[in-house]
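Here's a quick tour of a protein model. Take a look at it first, then read on.

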Amino acid sequence: MESKRLIAAALAGAMLFCAGCGGQEETVEEAPSGTAVEVMEVVPGPMSASYSLTGQVAAVSSVQVFPLLAGQVLTLSVEEGDTVRQGQTLFTVDTSTVTSTMGALQESYSATRAATDSAVASAQLGVEQAQLGVEQAQQALDNAEALLEVGAAAEQDVTSARQGLQQAQSALAQAQAGVAQAQAQQSASLAQIQASMDQITTQAELGTVTAPCAGTVTAVNLVRGGMASSAQPAVVIAENGEVEVTASVAEDVFMNLAVGDTAGVTIPVLSDEMVEGTISALPAAANAQTSLYDVSVSLPSDVEPPIGAFATVTFYTDRRDDTLSVPTEAILTGADDEQYVFVVDTYAEGDTAVRIPVETGLVNSTDTEILSGLSEGDRVVVKGQSYLSDGAAVRIVTGEDDFAADTEGADEDTAAADGEA
């Protein structure tokens, strides 16, 4: 029994020894050397400074419609967002207070016309009678002259007949003048009443308010049954539905803008994507209240945002066609505000980070212009630069996943070393 135990112990020891030998034969994979970095090759291209500001969608031309007749709103046929055509009825106002005297004026007109017609008719009768008197006087003169020729009448009779004709003609002229005067008085009286009725009709027509232009209704400041007043516009219309984006800029930005320049516009209510707008108008002077310059930016025809929506407007200034630039995050700042980047050079022993001081110029939302220090074709470190020192070994990786995995491994190694310490 004892011998069996000794044999079993020997076999167990041999197995343990063999297991230990097998473990020693396993090899540990070495981690790749050098700090993982991403690089970008420097190439010339266009660049400009950019300024992003908050703007708002507004009508290119807003037409305010004021009621010309105060009164209660009887009908209201539009609301905000409606598209209207020129001449379309927007709302109507009660005109009963204006037209209440129309009946009395019409009665007065009829009575005046009847009275003046009688006066004119009487005057015309006098003309007819005077005309008859002229005819009779002329006949008397003709008879007297005939009798004078045959010696049956005296010269005095002819003279008397002529005087009678003159008197009859004068009476006719007076009668005709009387007719003209009666007609003139009739016209004046009737015209005065008619003017009053026309005025009432014109005012009553003001109770129907129509659209002065085609466009989109952007505001309605009254309700049916409420009161219409000229104190504020009842309806506001964006003429032809055309909209633009307005943004207020400071003087240093304004001085570098020109009509026709492009501007990036993002309207969150529609999309987070930026569209290309065009500066359509620049003010002649700054806004007196804000001391800023209100710039108008037109939008592409297929972009139709609601009026009043907010927008982010990006203006581009100091445009340059051929310049070197790098992502702003690639630039580091050292002592005395010295700016520098790391470029990767390849030597016999591998890729090495080289610290290069740079002079910068324009800055936009993503990139910075390099005035000196870099040349076309340089490979600038754009990720991992914060972990580098001049002359450090580096390993170029591509893609977010590769870089994240390498930096995560480096951070774990650093944390483990700190724990052992």
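Helix 3 (residues 102-149) and helix 4 (residues 155-205) have axes that come within 8 Å and cross at roughly 165°. Axes here are lines fitted to C-alpha atoms over the stretch in contact, with angles from 0 to 180 degrees between N-to-C directions. This is a predicted model, where local features need pLDDT of at least 70, side-chain atom pairs need 80 or more, and totals for chains, interfaces and linings use all residues. Residues are numbered from 1 along each chain, and side-chain values use heavy atoms, without hydrogens and water.

**The helix pair**
- Helix 3 and helix 4 are therefore roughly antiparallel (angles over 145 degrees).
- The crossing of helix 3 and helix 4 is left-handed, meaning the near helix is turned anticlockwise from the far one by less than a right angle.
- Their contact has 27 nonpolar, 19 polar and six charged residues (Ala, Val, Leu, Ile, Met, Phe, Trp, Tyr, Cys and Pro are nonpolar, Asp, Glu, Lys and Arg charged, the others polar).

**An aromatic pair**
- The whole structure has two aromatic pairs (ring centres within 6.5 Å).
- One of them, Phe254 with Tyr293, is stacked, at 4.0 Å centre to centre and 10° between the planes (under 30 degrees counts as stacked).
- Phe254 sits in helix 5 (residues 251-254) and Tyr293 in strand 14 (residues 293-298), so the pair ties together parts 39 residues apart in sequence (helices are DSSP runs of H or I, at least four residues, and strands of E, at least two, numbered from the N terminus).

Notes. Parallel < 35°, antiparallel > 145°, perpendicular 65-115°, else oblique. Phe/Tyr/Trp six-rings, centres within 6.5 Å; stacked < 30°, edge-to-face > 60°.
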